[in-house]
Every structure is written in structure tokens, then in C-alpha cells.
Amino acid sequence: MKLLFIGATHEVTGSCTYLEACGKRILIDYGMEQGRDVYENIRVPCAPSEIDYVFLTHAHIDHSGLLPLLYAGGFRGEIHATQATVSLCQIMLRDSAHIQEFEAEWRNRKAKRSGGDIYTPLYTMQEALGSLEHFVPHPYGEKISIADGITIRFLDAGHLLGSSSIEIWLEENGISKKLLFSGDIGNFHQPLIRDPQYADTADYVIMESTYGNRLHEKPKNYIQDFVQILLETFQRGGSVIIPSFAVGRTQELLYFLKQIKDQNLLGKYQDVPIYVDSPLAIEATEIFQRNKESCFDEEALAYVQRGENPIGVSGLRTAVTSEASMAINADTRSKIVISASGMCEAGRIKHHLKHNLWKPENTILFVGYQAVGTLGRRLLEGANYVTLFGESVKVAAQIRQLQGMSGHADQKGLELWIQHVQQVKKVFVIHGETTAADTFTALLNEQGISAYAPYSGTEFDVASGQFLHEAEPVYLEKPKSVKASATYDRLQIALDRVTAYIQNARGYSNKELAKMADQL
């Protein structure tokens with residue numbers, strides 16, 4: 001029984017942990033890194049074709065985004081997740097592949113004009129679709145026998161529709177251990193979805209720490225603060241542009257806006273149009289509706305029982321086509337525009353920023369976490385100019401953040417979650433920037449809970465409870481872009497496939513081997 005920590009160690013994105021037990025090789029999440037890449041992550045210690053299972057905590061791309069790349073490398077095992085997570089991945093991984101291919105096409109048009117290198121997408125739509133065939137859906141709360149000696153159960157993590165903490169029971173050579181992967185632990189009293197569920201016991205806990213060093217500034221009333229920002233902007237004759245995660249945060253905003261409009265809180269601006277400019281968000285909203293019985297909280301279900309759609313706000317307009325998206329910026333009226341991506345790194349939000357950042361009457365309203373190195377983080381930190389599509393754009397709009405709107409538990413929420421878990425021998429603190437992970441680790445140790453924040457490459461023997469290797473941080477000499485890191489990962493996976501191809505040819509005739517050599 002061995003744990004190997006690979007991604008999201010002293011960083012927030014790129015979640016990936018390797019588990020070897022009962023003769024099986026397992027990944028818990030395989031996510032894409034977003035923002036600046038500070039530390040060098042080790043590679044998965046075997047070829048993708050040798051991975052037996054993936055246990056997926058939820059659909060966000062920093063947890064699921066490299067699954068098509070795993071498939072491209074030869075993975076043909078099972079990906080176990082909740083039913084809602086499987087539904088969301090059906091759209092999110094296709095959307096991610098579309099972005100990869102679209103960006104490659106755009107870059108290659110530029111490369112042809114300039115004589116530059118050809119850009120290869122991280123993965124293709126075909127590979128994304130191939131990975132989706134390997135998903136196995138499960139309900140919350142049911143124990144599932146995966147293989148001899150391996151049983152899992154999904155608990156609601158309250159972070160996103162379908163998000164989960166994963167309990168893993170292992171039994172090998174007469175030794176029994178229980179692992180608990182927290183996934184991303186949700187904030188309490190969020191709109192729409194339920195609060196996090198607690199596990200009762202675990203030997204070892206692998207736990208996120210996104211907000212491990214801070215408390216959320218909770219406004220007395222989300223709606224009141226939201227309304228104030230909207231009214232101040234409309235009174236200036238401006239529009240409110242909201243970079244929003246297409247899955248989760250967009251639906252929460254629609255829930256708030258329904259309440260705002262139902263209570264006539266915008267006064268003379270009651271009829272202001274609301275645009276959702278994200279095909280992914282539109283599809284995700286339909287999935288929220290389909291999973292309401294298993295995932296919605298009591299307040300949201302009360303709407304459903306009255307025959308109302310809790311995210312069916314009046315004045316809502318959706319933009320699916322690129323033509324409809326472009327038409328939004330031709331609308332000179334005050335308006336609300338909700339568009340992805342939430343960290344402003346890709347998608348249609350970048351076009352809306354290009355058209356609206358330089359206008360002082362407008363407001364850019366952030367409603368979610370902004371990772372280090374992202375465009376959203378730079379705007380929040382006071383950038384005066386940003387580059388969009390090769391053009392420098394002045395930041396004259398008001399930059400605001402709706403405090404407390406977070407899908408992650410804060411430090412107190414994390415403490416409350418881990419305090420409910422009994423018989424814990426050690427907590428491994430991951431999925432947090434260095435200051436957050438180290439602060440939360442120190443806090444747990446002060447409270448008598450043994451905690452450790454591993455760096456990528458740390459190995460731990462679950463059976464004996466001993467470290468096999470305590471890795472030191474490996475800093476990148478120059479922080480590289482996530483795209484460059486991921487492209488290198490694709491090259492490594494191609495090497496794995498070639499290596500496996502050659503190894504499988506052992507025992508072939510000389511003629512067959514010569515033919516293979518020519519093909520390679």
C-alpha cells in the first residue's frame with residue numbers, strides 16, 4: 001500500500017495522487033494546472049496503459065482536465081465518479097478539447113504567417129470522447145467493491161454539483177487501512193447545493209487547504225452587496241461583466257439574480273438584460289436541473305416543490321453561437337454579462353474584457369478564487385494594463401470582488417470538517433498555495449492532529465505508516481506556463497506509448513521487428 005503525491009502539492013491546481021494497493025494502480029484525480037507553475041511535479045510512475053482505475057472527486061478541470069491525455073497515452077481502465085460528476089464531465093471535457101483544438105488552430109494560423117513552429121493541442125476531441133467511454137457513475141453513500149481488497153464510497157463534499165469526498169477501504173496481506181480523500185470541501189450555506197457531509201473515521205486523510213490560512217469575509221447579505229454593486233454600475237451608465245466558472249458559480253449567480261428580480265430590488269433597472277455567454281454554462285444549467293433531487297439543498301428544493309425553477313431568472317438571454325456572443329458587446333444598454341472562464345484564462349470572457357475593461361463606467365465583478373498567475377489574479381491585484389489578443393488594454397473599469405462567494409470552505413470550515421473524522425493517524429495537506437498549506441498544517445499540529453504538507457514526489461507506505469521518501473521542493477528556474485508544462489506531459493505520454501509498443505513486441509520475429517522499426 002503506497003501513496004505517491006504528484007500534483008497540487010503546495011499549489012492549488014493540477015490535483016493528482018497515485019495509490020498502489022492490492023495489485024492495482026490508481027489515480028485519485030488527474031487535473032490540469034492553471035495559472036503559474038511554481039514547482040516541478042514528478043510524473044505518474046507508470047505508463048497510462050498500466051493505470052487500472054481513476055477515482056474522480058469532481059468535474060472541475062483542475063481535477064479532471066488531463067483524463068483525455070491519460071486516454072491518449074493508452075489508459076483503458078475505469079473512471080469512477082458520482083452520477084452528476086459523470087454528466088458534467090460529458091460537457092466539460094468536450095469543452096476543454098474544443099478549447100485545445102481552437103487554440104491550436106489559431107496559433108498555427110499565426111505560425112504560418114510568421115514562419116513559427118506548429119502548435120499541437122494537448123489533446124483532441126476524439127481523445128476526450130474516448131475517455132468519456134470509461135466513466136462509471138455511482139450514487140452518493142453506497143459502498144462499491146472495485147476489486148479484491150478495494151472498496152470505495154462517495155460522500156457529498158458540497159463544493160459543486162456531484163462533488164465528493166472519497167472513502168477508500170484497503171485490505172491486503174491481512175492489513176486493513178482506510179483512506180479519506182477530501183476532494184474540494186465546499187463552503188457552508190451555499191446556494192443551491194447541500195452542505196458538505198462528514199466522514200466518521202479514517203486512518204489517513206488527504207485534505208485540501210485552498211483557504212487554509214484565511215477566513216471568508218462573509219457579508220451580512222450576499223444579495224444586498226450584489227445589488228449595491230449592480231445599482232452603482234447602472235447609475236454610471238455601465239455594465240457589470242462577471243467572469244464566472246461555467247459550472248457551479250454561474251448557476252449560483254442565476255439563483256441570486258432570480259431572488260433579486262423576484263423582490264424588485266433593482267428598481268428602475270428591473271428590466272436590465274442578463275446574458276449568459278457560455279455554451280458550457282448553458283448545458284451545465286440543464287444538468288443542475290436534472291440532478292436537483294439528489295444534490296439541491298432544502299431552500300432550492302422548496303422552489304421546485306412550488307413548481308418554480310430556482311435558477312429561472314426573468315430577462316435571461318443565452319448566447320450559444322459566436323455571432324450571438326459578439327452581438328452582446330454591440331448592445332449599448334446597461335447589462336449583466338456572465339461569461340467563462342472564471343479566471344479569465346480562456347473562453348469568451350477575454351473578448352468581453354477587451355471591449356469593456358477600458359470603460360470607467362463598467363464594473364468587472366469577480367465571484368470566485370483567482371489562482372496565482374492568472375489574468376483574473378492580475379486584475380484583482382491592481383494591474384493598470386493587461387494584454388488581450390496581442391493588444392495592450394488599459395484597466396479603467398471598476399474591479400470588484402463579491403466577498404464570501406466561495407465554493408471552498410475557509411479555515412474554520414476546514415477545521416470543522418477534519419474534527420468530525422476520528423482515529424486519524426495523519427493528515428496530508430494538499431491543494432493549497434504554500435502559505436495556505438503550511439499555515440493549515442501548523443494549525444492542525446498545534447491542535448494535536450498529526451499533519452504534513454508533502455511536496456511532489458513524497459512517498460508514504462500506508463501499511464507501515466512510514467515515509468518512503470520525503471521530497472524537497474523543486475523550483476522551476478523560471479516559472480513556466482501551464483501550457484508548456486502540459487505539452488511536455490503529452491510528449492512524455494507519447495514516449496510511454498512507444499515504449500509500451502516496443503515492450504509488447506518481445507518475442508516477435510526479426511521480420512516483424514524490422515517492420516516495426518521502419519514504422520517508428
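What we have here is a predicted model, in which local features need pLDDT of at least 70 and side-chain atom pairs count only at pLDDT 80 or more, while totals for chains, interfaces and linings use all residues. Residues are numbered from 1 along each chain as its sequence is written, and side-chain values use heavy atoms, with hydrogens and water left out.

Let me begin with the sheet. Helices (H or I, at least four residues) and strands (E, at least two) are DSSP runs, numbered from the N terminus, and two strands pair if DSSP finds at least two bridges between them.

Turning now to strand E12, residues 204-208, please look at how it is covered: five of its five residues are buried, where buried means under 20% relative accessible area, exposed over 50%, and partly exposed in between, with a 1.4 Å probe and protein chains only. Tyr204, Ile206 and Glu208 point one way from E12, whereas Val205 and Met207 point the other way. E12 pairs in the parallel sense with strand E11 (residues 175-181) over three bridges, and there Leu179 has Tyr204 as its bridge partner. E12 also runs parallel to strand E21 (residues 426-430), joined to it by five bridges, with Ile206 standing opposite Phe428.

Next, helix H11, residues 349-356, whose buried residues are Ile349, His352, Leu353 and Asn356. Seen down the axis of H11, these fall within an arc of 100°, so they line one face of the helix; the arc is that of the directions from the helix axis to the C-beta atoms. As a reminder, an α-helix has 3.6 residues a turn, so residues three or four places apart point the same way.

Finally, the cysteines. How many disulfides does a search of the whole structure find? The search finds zero, a disulfide being a pair of cysteine sulfur atoms within 2.5 Å. Cys89 counts as buried because its relative accessibility is 0%, and Cys344 counts as buried at 1%.
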